[in-house]
Amino acid sequence: MSPVTWAAMLAAIAFEVMGTTLLQASQQFTRPWPTAGMAVCYAAAFYLLSIALRQMPVGLAYAIWSGLGVVLISVIGLVLFKQKLDAPALIGLTMIVGGVMTINLFSRVVSH
């Protein structure tokens with residue numbers, strides 16, 4: 001896969017994580033600026049994901065998207081929103097990262 005594919009994928013994840021962070025900040029759509037920012041971020045995320053899907057299989061893209069997104073938003077929740085992560089959550093997040101790494105390092109659906 002080309003560097004453009006990976007750049008689009010990583011940018012899509014970044015915009016999705018920003019959108020989810022703004023979703024929390026929107027307070028159930030009662031704050032207009034975070035709500036508008038959320039909509040823009042989600043639109044950008046899906047557009048960039050569509051670019052990545054030109055070369056990346058959808059299953060692989062979704063594994064990376066969801067895995068890294070969950071981990072990043074968990075860290076943001078911990079830091080920005082003071083949300084706690086207990087031992088089972090940390091174990092689960094570690095397993096998610098391990099799964100994404102396994103797919104990327106060993107699966108034949110990824111061009112090495």
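Q: What makes a run of residues a helix here?
A: A helix is a DSSP run of H or I with at least four residues, and helices are numbered from the N terminus. The model to which this is applied is predicted.

Q: Where does Gln28 lie?
A: Gln28 is in the loop between helix 1 and helix 2. Gln27 has its place in that loop as well.

Q: Why is Gln28 called exposed?
A: Exposed means over 50% relative accessible area. Gln28 has 68%, so Gln28 is exposed.

Q: Why is Gln27 called partly exposed?
A: The partly exposed class lies between the buried limit of 20% and the exposed limit of 50%. Gln27 has a relative accessibility of 44%, and therefore counts as partly exposed.

Q: How many helices and strands does the chain have?
A: The chain has four helices and zero strands, and the order along the sequence is α-α-α-α. Its C-alpha trace spans about 45 × 35 × 15 Å along the principal axes.

Q: Why is Thr35 called buried?
A: Buried means under 20% relative accessible area. Thr35 is at 18%, so Thr35 counts as buried. Thr35 is found in helix 2. Apart from residues up to four places away in sequence, Thr35 touches Ser26, Phe29 and Thr30.

Q: Which elements do the buried residues of helix 2 pack against?
A: They pack against helix 1 and helix 3. Among the buried residues of helix 2 are Met38, Cys41, Ala45, Leu48 and Leu49. In helix 1 the buried residues include Met9, Ala12, Ile13 and Val17, and their cover includes helix 2 (32–52) and helix 3 (58–80).

Q: What makes a set of residues a nonpolar core?
A: The members are buried Ala, Val, Leu, Ile, Met, Phe, Trp, Tyr or Cys residues, joined through side-chain atoms within 4.5 Å. The largest such core has 16 residues, of which Met9, Leu49, Met56, Ile64 and Trp65 touch the most other members. Helix 1, helix 2 and helix 3 each supply at least two residues of this core. Nonpolar side chains tend to be buried together in soluble globular proteins.

Q: Which residues is Leu49 in contact with, leaving aside neighbours within four places in sequence?
A: Leu49 is in contact with Met9, Ala12, Ala61 and Trp65.

Q: Why is Leu80 called exposed?
A: The exposed class begins over 50%. Leu80 has 55% relative accessibility and so counts as exposed. Leu80 has its place in helix 3. With Val75, Leu78 and Val79, Leu80 makes a nonpolar surface patch of about 350 Å².

Q: What share of the residues in the chain is buried?
A: Buried residues are 30% of the 112 in the chain. The chain exposes about 7,000 Å², with 73% of that area supplied by carbon and sulfur atoms.

Notes:
Residues are numbered from 1 along each chain as its sequence is written. This is a predicted model: local features need pLDDT of at least 70, side-chain atom pairs count only at pLDDT 80 or more; totals for chains, interfaces and linings use all residues. Side-chain values use heavy atoms; hydrogens and water are left out. Buried means under 20% relative accessible area, exposed over 50%, partly exposed in between (1.4 Å probe, protein chains only). Accessible areas come from the Shrake-Rupley method with a 1.4 Å probe; for residues, only the protein chains shown count as cover. Contact means heavy atoms within 4.5 Å. Patches are made of residues with over 30% relative accessible area and no salt bridge: like charges are joined within 9 Å, nonpolar side chains (Val, Leu, Ile, Met, Phe, Trp, Tyr) within 5 Å. A salt bridge is a side-chain nitrogen of Lys or Arg within 4 Å of a carboxyl oxygen of Asp or Glu.
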